[in-house]
Amino acid sequence: MNAASKQQSIEDALLKSKKFRLFGLNADDIIKHFFAGNATIAIVVLALITVFLFREGIEFFPKHYESLRLYRWAGMEFVDYLKHESTDLSALNRMTNLMKRQESEVLRMKGLSQAQIAERLAPLDAFAAKFSEVPDGLNGLVADLTEIPVGILDRHKMCVNAQSHKTLLIRMGKIAEANAVKVDVIDFGKETAILKTFLPQCTEIHAKIKQDIVGLMSAIPDFESAEARATSLLFKKLALKFTDGIPVTEKKMAEWNPGEPIHFYRALTDFIFGSRWVTQSFWYDFYGVVPLFVGSFMISLLAMILAVPFGVGAAIYVNQMASKCEQNMIKPYIEFISAIPSVVLGFFGIAILGESVRWLTQQSCLSWVPFFPISERLNIFTAGCLLALMAVPTIFSLAEDAINNVPKAYKEASLALGANKLQTVVRIIVPTALSGIVAAVLLGFGRVIGETMVVLLVAGNRISIPDFTAGIGVFFQPAHTMTGLIAQEMGEVVRGSLQYRALFMVGILLFFISLFINYMAQKIVTKYRISAG
Amino acid sequence: MEIQEAIMNYSKEAGSQHGQEPSGQNAGVTGDDREARILIRCDKVNFFYGQSQALHGISLEIPEKQVTAFIGPSGCGKSTLLRCFNRMNDLIDDAKVGGGTIKIHGVDIYDPKVDVIELRKRVGMVFQKSNPFPKSIYENICFGLRIAGMNDKSVLDEVVEKSLRGAALWEEVKDRLHDSALGLSGGQQQRLCIARAIAVRPEIILMDEPCSALDPIATAKVEELIHELKKEYTIVIVTHNMQQAGRCSDLTAFFYLGHLIEMDVTEKIFTNPKEKQTEDYITGRFG
């Protein structure tokens, strides 16, 4: 009797439990589905972002290809040959000014008065004046020629607009009206033929330039300052290089053919290897990512050079050498740095770091350093320093983890064999944790290359490949980065335009760089886990 | 409970007699060992982890070129004492020797003037869990020499071979000296650690339960090795395995709750111990 009732109650408990149910699901199932849903949404959103990025970016290629074709068809390519020469000559002109500055500096140091200096510089002034007249003919020709492709392009644009208007009308069913719209077709070959007629004039101008330059070379006055003499030698070399280049340009111009096809791959190669990024100009927009890439890369490189020793060094110190009290102080403090908003750091960079670095380089006691004083307050160096500050917490935390994962037994064994602390760290701890440290550095690099606000504020935002002939001084030139450019231009770009697509392409490039870095870091970490386990 | 009380009374007694423990007093100097030179001499050593006392007035003497085994239940302080001999306890925060002296060759090793690095070169250690570095077998053996500044390849080669032969590992690994040491089996790794310890030619080798993670065959090999090493080195071994202590040691010390209960020739400890606790422990009646 008693046993039977007990049996009954167990059955009740097992089979007829009155647990909470919703749509036939009990609480465990609901929790499980809730978390599964969260994970799914995260994945779907990420996938959508990637798809959107590619969808917006991929149309860059046909548009860029079209733009490249027009560049040739309208004859801009032809005119650019001469424009290059013109810019080269103005660069040479700037060099004469540099010589003048260097010479007068030395003369002033010697204690000569203003009048005496002017007197001494008179031959140089005469030379500079003569040289500045050299490109006059060329500049006039360029100015004349520039009008032609611009006109062709304008008419082409009108035709395209008319065509799209007509298509629109047809689609709306207004056939009669559509037929009334007259669509011209521009024959680029015929339009640009006029450019070729300038060739004889061009040859004439070239001959005169060559004659002028060769004639002037012997007229370069002698200098007192060694710097100016070096500059003048370089000037001579470059000027002769320029004259040597004239026949090559002439040949290119003579052989230039607007009908020559452009390979489709150039839409990609001109983007990846192009050395000019010029947008919203009246002439032609170039989309070459190299200056941005170089800017990003150099800033990140500098940031890493500064951040890795600090981050890894601090990690080693905190984990291996510091007392408990120091650990409790240093760790939260370094991690606190990552809590500073990047825009605040950027503000600090402009107001304090940039100013003080420039002030420092202007001190006369440091004037012996070759590239001092620096002229730009905002440059690669300031951006690199601030990014290093941002990367240190990442590198520190991850490297500290990696070092912490080194089994204590290794340290004990090393010390028991009579190694001192430094030997233990250098020969056992660091090699064992090396892959973890490398992964930390890579992740820090990923953080740095993706950082936007700081570089936008303090990198100086000049889109050009830094002048590597300046040696270390290259780090004190302004630059622009891929991230900063997107942030800067995205706001003012026409949606769907070539520039808009180009910005997305830069975004995709960044995406791939980050992906690659994270992949490498993951791989190294996995390898590390196996070797330590 | 009774035993604990007995211990408490015992230690009070010992305290009142200024550490003149009835059996510890003549520890290690009985019988044949009387002629052997004493290498390590502990005198009333107290040891603290923070506030808690781990060793209470340990006095013992360890003779040269003998195997001395420390036995006792877990937490009785035998490993702590062992790690005092090469000052590995320095690595632990708050751990300190509070009174008493440990002398090796008559030098107090806790004297502030003592060079800990030099001490550890002379007092090698093999740990409970084999801990070869994640380097090649060759580099593992060389480590001690390299940190001492020795980089002559011919010398290193010679030492590697000699040490590996000394640890009875040469035949097994001679063809793969430059492979990772982590690829060896547990027993081989432990013998590699012994080879690494003897490569720097220490005088004393401390072994902290060297066989606790090994299978019986590997254990037998290590024990055989200990027997061989005795000819050249003074060995102090901590073990939980009574048979092992019986098999390979000359002297045995029994610890309980931080006290040295008894130390004597191994044979005597196992056949005719003076103290009741020792007998109980050895026969497996408590713990």
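**Exercises on a two-chain model**

His105(B) sits in the loop between strand S5 (101–104) and strand S6 (107–108) of chain B. Helices (H or I, at least four residues) and strands (E, at least two) are DSSP runs, numbered from the N terminus. The model is predicted: local features need pLDDT of at least 70 and side-chain atom pairs pLDDT 80 or more, while totals for chains, interfaces and linings use all residues. Residues are numbered from 1 along each chain as written, chains are lettered from A and ligands numbered from 1 in the order written, and side-chain values use heavy atoms, without hydrogens and water.

**Exercise 1. Thr80(B) and its chain**

Task: Find which residues Thr80(B) is in contact with, leaving aside neighbours within four places in sequence, and then describe chain B as a whole.

Solution. 
1. Thr80(B) is placed in helix H2 (residues 78–84) of chain B.
2. With a relative accessible area of 9%, Thr80(B) is buried.
3. Once neighbours within four places in sequence are left aside, its contacts (heavy atoms within 4.5 Å) are Phe47(B), Tyr49(B), Ala54(B), Leu55(B) and Asn89(B).
4. Chain B as a whole has eleven helices and eleven strands.
5. Of its 287 residues, 54% are buried.
6. Take the contacts in chain B between residues at least 6 apart in sequence: 69% of them join residues at least 24 apart.

**Exercise 2. Aromatic pairs**

Task: Give the number of aromatic pairs over all chains, and work through the pair of Phe52(A) and Phe504(A) and the pair of Trp277(A) and Tyr287(A).

Solution. 
1. Over all chains there are 27 aromatic pairs. (Rings of Phe, Tyr and Trp, its six-membered ring, pair if their centres lie within 6.5 Å; planes under 30 degrees apart count as stacked, over 60 as edge-to-face and the rest as tilted.)
2. The ring centres of Phe52(A) and Phe504(A) are 5.7 Å apart and the planes stand at 80°, so this pair is edge-to-face.
3. Phe52(A) belongs to helix H2 (residues 27–58) of chain A and Phe504(A) to helix H20 (residues 498–532) of chain A; they are 452 residues apart, and the pair links distant parts of the chain.
4. Phe52(A), at a relative accessible area of 38%, is partly exposed, whereas Phe504(A), at 10%, is buried.
5. For Trp277(A) and Tyr287(A), the ring centres are 5.4 Å apart and the planes are at 85°, so the pair is edge-to-face.
6. Trp277(A) is in strand S3 (residues 277–278) of chain A and Tyr287(A) in strand S4 (residues 286–287) of chain A, ten residues apart.
7. Trp277(A) is buried at 4% relative accessibility, and Tyr287(A) is buried at 3%.
8. Ring pairs also join Trp277(A) and Tyr287(A) with Phe60(A), Phe61(A) and Phe271(A) in a cluster.

**Exercise 3. Helix H17 of chain A**

Task: Describe how H17(A) packs with H15(A), how its axis crosses that of H4(B), and what Arg427(A) touches.

Solution. 
1. Helix H15 (residues 380–404) and helix H17 (residues 421–450), both of chain A, pack at about 150° with axes 8 Å apart. (Axes are lines fitted to C-alpha atoms, for helices over the stretch in contact; angles run from 0 to 180 degrees between N-to-C directions.)
2. H15(A) and H17(A) are therefore roughly antiparallel. (Over 145 degrees counts as roughly antiparallel, under 35 as roughly parallel, 65 to 115 as roughly perpendicular and the rest as oblique.)
3. Residues of H15(A) that meet H17(A) include Leu387(A), Met390(A) and Ile403(A); on the H17(A) side, Ile429(A), Gly436(A) and Arg447(A) are among them.
4. The axes of H17(A) and helix H4 (residues 137–147) of chain B cross at roughly 150° and come within 12 Å.
5. In this contact, H17(A) supplies Gln423(A), Arg427(A) and Ile428(A), and H4(B) supplies Phe143(B), Arg146(B) and Ile147(B).
6. Arg427(A) has a relative accessible area of 31% and is partly exposed.
7. Not counting residues up to four places away in sequence, Arg427(A) touches Lys135(B), Phe143(B), Arg146(B) and Ile147(B).
8. Between the C-alpha atoms of Arg427(A) and Ser414(A), 13 residues apart along the chain, the separation is 9.1 Å.

How values were computed: Buried < 20%, exposed > 50% of the residue type's maximum accessible area, 1.4 Å probe, protein only.
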